[in-house]
Amino acid sequence: MSGIDDASVDLVVTSPPYPMIEMWDAMFAEQDSSIDGTLIENQPEQAFERMHRLLDSVWQECFRVMRPGGILCINIGDATRTIAKEFRLYPNHSRILQSCLSLGLRNLPNIIW
């Protein structure tokens, strides 16, 4: 998004790859090679956080290009996955919301479907 001027966009709509959904592992690992290691070593919390750190830069860029009062609409799903024989939920929506709030964005009512 480097070609987009600061504070020039009213609305951003995106559906990023979902961390901890296996089909996206390779894409995240291409950008951070340590992700493969955390998954192989059964460290899912570290993999989850490393994947989200990559997405954090996306939210920073969205925030940069948005005009004051602009809207960032993110379609995101949580993930369920079994790693090392442990089935659990990975709350992508919570982690992304935390990142966006830390940038200064405000949460509007969520649409849960």
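Predicted model: local features only at pLDDT ≥ 70, side-chain atom pairs only at ≥ 80, totals over all residues.
View 1. The structure holds zero disulfides, a disulfide being a pair of cysteine sulfur atoms within 2.5 Å. For Cys62, the nearest cysteine sulfur is that of Cys100, 7.7 Å away.

**View 2. The largest nonpolar core and the elements that build it.** A nonpolar core is a set of buried Ala, Val, Leu, Ile, Met, Phe, Trp, Tyr and Cys residues joined through side-chain atoms within 4.5 Å. Of the 23 residues in the largest one, those that touch the most other members are Met20, Ile35, Leu39, Trp59 and Leu72. Two or more residues come from each of β1 (9-14), α1 (25-31), α2 (34-40), α3 (44-65), β2 (66-74), β3 (79-83) and α4 (92-103), and α3 gives the largest share, eight residues. Helices (H or I, at least four residues) and strands (E, at least two) are DSSP runs, numbered from the N terminus.

View 3. Met20 lies in the loop between β1 and α1 and has a phi near 75°, a positive value in a residue other than glycine. Met20 is buried, with a relative accessible area of 1%, and, not counting residues up to four places away in sequence, its contacts (heavy atoms within 4.5 Å) include Leu39, Phe48, Met51, Arg81 and Tyr90. Ala84, in the loop between β3 and β4 (86-90), has a phi near 55°, likewise positive, but Ala84 is exposed, with a relative accessible area of 52%.

View 4. The largest pocket has a volume of about 1,100 Å³. On a 1 Å grid over the protein atoms alone, a pocket is an open set of points with protein on both sides within 12 Å along at least five of seven lines, and lining residues have an atom within 4 Å of a point; the volume is the space filled by probe spheres set on the points, which are joined across faces, edges and corners. Of the 30 lining residues, Leu72, Ile74, Asn107, Leu108 and Asn110 are the closest to the centre. β2 gives the most to the lining, with nine residues.

**Notes.** Residues are numbered from 1 along each chain as its sequence is written, and side-chain values use heavy atoms, with hydrogens and water left out. Local features need pLDDT of at least 70 and side-chain atom pairs count only at pLDDT 80 or more, whereas totals for chains, interfaces and linings use all residues.

Terms used:
Buried < 20%, exposed > 50% of the residue type's maximum accessible area, 1.4 Å probe, protein only. 1 Å grid on protein atoms, 1.4 Å probe; cavity = no way out; pocket = protein on both sides within 12 Å on 5 of 7 lines; lining within 4 Å.
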